[in-house]
Amino acid sequence: MIDNRRNKIWSNIDWLLVAIVVLLALFGWINIYAANFNESYPNIFSLNQEYGKQGMWMVIAVVAGFIILLTDGFLFLRIAPVIYIIFTLLLVLVLLVGKEVNGAKSWFGIGSFGIQPAEFAKLATCLFIANILRDTSKNISASLYFKIALCIGFPALLILLQPDTGTAIVFSAFFLVLYREELVGNIIFSAILALFIAVLVLIMQNNSYALPFSDIVVNGKYYFMGILFSLGTISFLIAKRFVLKRSRKKFMWIIAALTVASMLFSGAVDFVFNKGLSPHQKKRVEILLGLDDDPQGAGYNVRQSKIAIGSGGFAGKGFLQGSLTRFKFVPMQSTDFIFCTVGEEWGFLGTAFVIILYIALLIRLTAIAERQRSSFSRIFTYSVACILFLHFTINIGMAIGLAPVIGIPLPFFSYGGSSLLSFFVMIAIVLRLDSQRLDILR
């Protein structure tokens, strides 16, 4: 019976998803080779070059994925809290003894290689969120929201302390998962997004980059805006939910809670912008919003990236023929700006192919999530899809000047062993859960 079950697992694997991931990884490897091509080491398997190391990590990732596919799907549900605790402790440990790279203490150095625990913390959080939310249909309470906030916020805070703002921002993808699971309604989702944008714009307009949080309490301008916004939201809530249902018992409590929450959120946005972002990161936001222009400084990377992509034209200059790529005009071209390598050497056709692959990946993950028989499998798959979506949109947005440069990789594509391995493991778990169709607690 066990053999029959294993045979069903292999026969039920979503090979279309496998094909999309393999295509992305292989095409990414080729572009890493182009971005770092060294005539002295033309072999793509040369381990003293980034492309050789990436090839090694691809082998490790495939082996790890194969092992996961042989693992009982029930195990992921049982060990989710343990995995979360382990990687949270590693995030604490890396702050104490980690290796500093590019100003961030995010790595454990192992010879010439490094492991970044923050990449695996995303995976651990995906598992733990799915574990927490697997049986919430009849038990939605304040304690549940507190657990969710702690589960997502604690690792994000530890990553922010490294500091690695970009990776910490990725944890906001879980908000989309909560929206899908109807734990965050349309009104709250829209209210938080609009309030965030409104506060950020007001900060930029008032040039209050050095304004401490205590001054905000005194002048109250963000709080005033928060009050106005919350009152508008409350009016809509009352009209839709309470007046129509003829229930006004909690009216004043809702007004008070939403007003305080909006005030705190408004102040928190300003606090994070001023205290959480380094000067060069705030500079990038200014450049993105058109409030500043620094083509030779903070805006140099994006400017060179856009030039490289534009120079590729319709069909590109050809493999290893990109002049800006060959002569290293774009910094971090194998990691944050790998997409501009595609644009220069493969042109519009190449970039369109990559974007179509990612859209196909996200659509496939959504379809897999919706056909799951267990809430654990569905929530985990949606968590993976949302993280990939955020990485995909922000990384390509960085390369074409539509998103601030926050330093997150393009999944399966950018150079980096930790990110490649963590993404492969995420997909392997999705494939394993989907093939087994676990019928666990809904």
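Helices here are DSSP runs of H or I with at least four residues, and they are numbered from the N terminus. The model is predicted, so local features need pLDDT of at least 70 and side-chain atom pairs count only at pLDDT 80 or more, while totals for chains, interfaces and linings use all residues. Residues are numbered from 1 along each chain as its sequence is written, and side-chain values use heavy atoms, with hydrogens and water left out.

**Exercise 1.** Find where Gln304 lies, and decide whether Gln304 is buried or exposed.

*Solution.* Begin with the helix: Gln304 belongs to α14, which covers residues 300–311. Next, take the relative accessible area, where buried means under 20%, exposed over 50% and partly exposed in between, with a 1.4 Å probe and protein chains only. Gln304 has 7%, so Gln304 is buried. Finally, leaving aside neighbours within four places in sequence, Gln304 is in contact (heavy atoms within 4.5 Å) with Leu324, Phe329 and Val330.

**Exercise 2.** Classify the aromatic pair of Trp29 and Phe45, and state which of its residues is buried.

*Solution.* Rings of Phe, Tyr and Trp (its six-membered ring) pair if their centres lie within 6.5 Å, and planes under 30 degrees apart count as stacked, over 60 as edge-to-face and the rest as tilted. The structure holds 15 such aromatic pairs. For Trp29 and Phe45 the centres are 5.5 Å apart and the planes stand at 70 degrees, so this pair is edge-to-face. Trp29 sits in helix α2 (residues 15–35) and Phe45 in the loop between α2 and α3 (50–69), 16 residues apart. Trp29, at 13% relative accessibility, counts as buried, whereas Phe45, at 56%, is exposed.

Conventions: Helices (H or I, at least four residues) and strands (E, at least two) are DSSP runs, numbered from the N terminus.
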